[in-house]
Amino acid sequence: FNKRKPFLIGSIVVAAATILPLCNSHSYFSILLLSATQGFFFLPAFSLLIEMCSDIAGEARAGSATGILMLLGNAGGVVVVMAMEWVKGAAVDFHAGVNLLFYLLIMSVVIATRVPETKWHK
């Protein structure tokens, strides 16, 4: 296809579509199926994002841009975990935290649509 952006957006959409059923399921088989689906489609998004980042930043700044992206991604992971605990409050379940994850994934889709397209270099 010579494009990366549709695959990035598609992987985030699959993650958004599976996060609520995954976190609210009580069936072990459906949890396995949904988590495998989410892992298969969502984990490659990080590789695509790193490659797109290095293409946008250019050859001279690719290493720095990738390092900053990874640093911010790890920091964001810590912030999201703390935010999930915060929105959970005194509740016994994490429904509010799971909803937060869902809304963050929806925001990610919106942001991904605004990212410039990069093409596969032959």
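Biologist: Is T18 buried or exposed?

Modeller: In this predicted model, T18 is buried, because its relative accessible area is 9% and the cut-off for burial is under 20%. The residue belongs to helix α1, which covers residues 5-24.

Biologist: Which backbone oxygen does the side chain of T18 reach?

Modeller: That of V14, at 2.9 Å. Beyond the neighbours within four places in sequence, T18 is in contact with L34, T37 and Q38.

Biologist: How should I read empty space in such a model?

Modeller: Rolling a probe the size of a water molecule over the atoms shows where empty space is left. Here, the largest pocket holds about 1,000 Å³ of space. Of its 27 lining residues, I12, F42, L49, L105 and S108 are the closest to the centre.

Biologist: Which elements give two or more residues to the lining of the largest pocket?

Modeller: They are α1, α2 (28-57), α3 (62-88) and α4 (95-114). The most comes from α2, with 9 residues.

Biologist: What is the make-up of the lining by class?

Modeller: The lining of the largest pocket has 22 nonpolar residues and 5 polar ones, with no charged residues.

Biologist: What are the relative accessible areas of F40 and F41?

Modeller: F40 is exposed, with a value of 62%, whereas F41 is partly exposed, at 37%.

Biologist: And what is the geometry of the rings of F102 and Y103?

Modeller: Their centres lie 5.7 Å apart and their planes meet at 65°, so F102 and Y103 also form an edge-to-face pair. Y103 is exposed, with a relative accessible area of 53%.

Biologist: How many helices and strands does the protein chain have?

Modeller: The chain has 4 helices and 0 strands, and its pattern along the sequence is α-α-α-α. Its C-alpha trace spans about 50 × 30 × 20 Å along the principal axes.

Biologist: What part of the chain counts as buried?

Modeller: Of the 122 residues, 26% count as buried. As for contacts between residues at least 6 apart in sequence, 65% join residues at least 24 apart.

How values were computed. Residues are numbered from 1 along each chain as its sequence is written. This is a predicted model: local features need pLDDT of at least 70, side-chain atom pairs count only at pLDDT 80 or more; totals for chains, interfaces and linings use all residues. Side-chain values use heavy atoms; hydrogens and water are left out. Buried means under 20% relative accessible area, exposed over 50%, partly exposed in between (1.4 Å probe, protein chains only). A polar contact is a pair of N or O atoms within 3.5 Å; within protein, one must be able to donate a hydrogen and the other to accept it, and residues adjacent in sequence count only if both atoms are side-chain atoms. Contact means heavy atoms within 4.5 Å. On a 1 Å grid over the protein atoms alone, a cavity is a set of points where a 1.4 Å probe fits but cannot get out, and a pocket is an open set with protein on both sides within 12 Å along at least five of seven lines; lining residues have an atom within 4 Å of a point. Grid points are joined across faces, edges and corners, and a volume is the space filled by probe spheres set on the points. Ala, Val, Leu, Ile, Met, Phe, Trp, Tyr, Cys and Pro count as nonpolar, Asp, Glu, Lys and Arg as charged, and the others, Gly among them, as polar. Rings of Phe, Tyr and Trp (its six-membered ring) pair if their centres lie within 6.5 Å; planes under 30 degrees apart count as stacked, over 60 as edge-to-face and the rest as tilted.
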